[in-house]
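Take a look at the model first, then read on.

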Amino acid sequence: MKMLALGINHQTVDFALREKLSFSKDYLAHSLRAMLRDTLTEEAIILSTCHRTEFYCINGDVQKTMNWLYRYKKLSHDHLKSHWYVYQQENVLRHLLRLATGLDSKILGEPQILGQIKTAYAFAHSLGSVGVHFNRLFQYVFSASKYVRGVTDITAHPVSLAFAVVTCAKRIFACLADKKILLIGAGDTISLVGKY
């Protein structure tokens, strides 16, 4: 069995390019099925958020997956070549653990990414693109993340990016209640900004 993870995130690509590489919920099922079919990957999960797009594969091939994405999104190979990160075998687990515990996030300890990983896993599982290998791996990641968050101070001050944005706005403007605010976006983060 060969484990593979590849992707782009807020550290490797600007927002405009991340947006081109994202997968909306409306087309995620079609995209995941097409990826499995066209790359001959045994198991696959697509994690697509406003900060990252990542592909997790069992017995997948880096070049086949990238080529599929370039064709599927109608993008040039050269346009993205230097922006990818690739993890294999135990480095996939290390990367997932860093994500799930909030260590690889714009805000240290941010809990939102764990929920996004769980959603991506559950969605892929419901489509049948997750088998015994990813079932075992992701259950371990969820359990380890819960343990880390329980025994460390990483969640002592739970802050999401959305909460940080609103907190900064409140420091700039004494009272937000009498201000007109325009929120631009369509994802979970902008919804949380509106809520806060």
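## Starting from one residue pair

Let's begin with Gly-7, which stands opposite Tyr-85 in strand β4. Strands here, like helices, are DSSP runs numbered from the N terminus: at least two residues of E for a strand, at least four of H or I for a helix. Keep in mind that this is a predicted model, where local features need pLDDT of at least 70 and side-chain atom pairs count only at pLDDT 80 or more, while totals for chains, interfaces and linings use all residues. Residues are numbered from 1 along each chain as its sequence is written, and side-chain values use heavy atoms, with hydrogens and water left out.

On to β3 (residues 52–58), which is antiparallel to β1 and joined to it by seven bridges. Here Leu-6 sits opposite Phe-55.

Put together, four strands make an open sheet in the order β2-β3-β1-β4, with antiparallel pairing (two strands pair if DSSP finds at least two bridges between them). β2 (43–48) and β4 are the edge strands with a single partner each, so one side of each has no neighbour in the sheet. Ignoring direction, neighbouring strands are turned by 10° against each other on average.

## How enclosed is β1?

Seven of the seven residues of β1 (residues 3–9) are buried, so the strand is largely enclosed by the rest of the structure. Buried means under 20% relative accessible area, with exposed over 50% and partly exposed in between (1.4 Å probe, protein chains only). Met-3, Ala-5, Gly-7 and Asn-9 point one way from β1, Leu-4, Leu-6 and Ile-8 point the other way, and all are buried.

## Helices around the sheet

Helix α2 (residues 25–39) lies across β2 and β3, running at about 140° to β2. Helix α5 (residues 90–100) lies across β1, β2, β3 and β4, at about 140° to β3. Axes are lines fitted to C-alpha atoms, for helices over the stretch in contact, and angles run from 0 to 180 degrees between N-to-C directions.

Finally, Gln-116 is found in helix α6 (residues 112–127). Gln-116 counts as buried because its relative accessibility is 17%. Leaving out residues up to four places away in sequence, Gln-116 touches Leu-47, Thr-49 and Asp-188 (contact means heavy atoms within 4.5 Å).
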